Amino acid sequence: MAKPTYDVPAVRTAIRLLEVLGASPRPLGVSQITRAIGSNKNTTYRLLSTLQDEGWVVAEEPGPRYRMTLVPFQVGSQALAGMNLRTAAAPPMRELWDE
């Protein structure tokens, strides 16, 4: 029997959105983000609005064009602070070893 999955598509889309913004060297417009994450403009705009309200992204004019703030990095740093160096370094070291 297959294990049931509890997938939340909006969370997956929001993660892709943050990955796109994090990888971009410049702020992006809603249309650019929509194409990159394979969503629709309404969903993209609602996700951006929520992330903006939470401080994860900011809108810059003209446009607006969106960019990520440092909040995601701060959250990631908190997770790393709770790990010891060996635990935190193990996955990337394994990848290097495999290469």
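1. For this note, a residue counts as exposed when its relative accessible area is over 50%, and as buried when that area is under 20%. Keep in mind that this is a predicted model. With those cut-offs, R46 and D53 are exposed, and they sit on the face of helix 3 turned away from its buried side.

2. Now for the buried side itself. T44, L47, L48 and L51 are the buried residues of helix 3. They span an arc of only 100° around the axis, so they end up on the same side of helix 3.

3. T44 deserves a look of its own. This residue lies in helix 3, which covers residues 41-53. Its relative accessible area is 0%, so T44 counts as buried. Setting aside neighbours within four places in sequence, T44 touches L17, V30, I33, T34, I37 and S39.

4. On to the overall geometry. Helix 3 has 13 residues, and the distance from its first C-alpha to its last is 18 Å, close to the 18 Å expected at 1.5 Å a residue.

5. Finally, the two ends. At the N-terminal end, N40 caps helix 3, with a side-chain oxygen 3.1 Å from the backbone nitrogen of N42. Following helix 3 comes G55, which has a positive phi, near 85°.

Definitions and conventions
Residues numbered from 1 in each chain as written. Predicted model: local features only at pLDDT ≥ 70, side-chain atom pairs only at ≥ 80, totals over all residues. Heavy atoms only, no water. Helix = DSSP H or I, 4+ residues; strand = E, 2+ residues; numbered from the N terminus. Buried < 20%, exposed > 50% of the residue type's maximum accessible area, 1.4 Å probe, protein only. Contact = heavy atoms within 4.5 Å. Expected span 1.5 Å × (residues − 1). Arc of directions from axis to C-beta. Polar contact = N/O pair within 3.5 Å; in protein donor to acceptor, adjacent residues only side chain to side chain.
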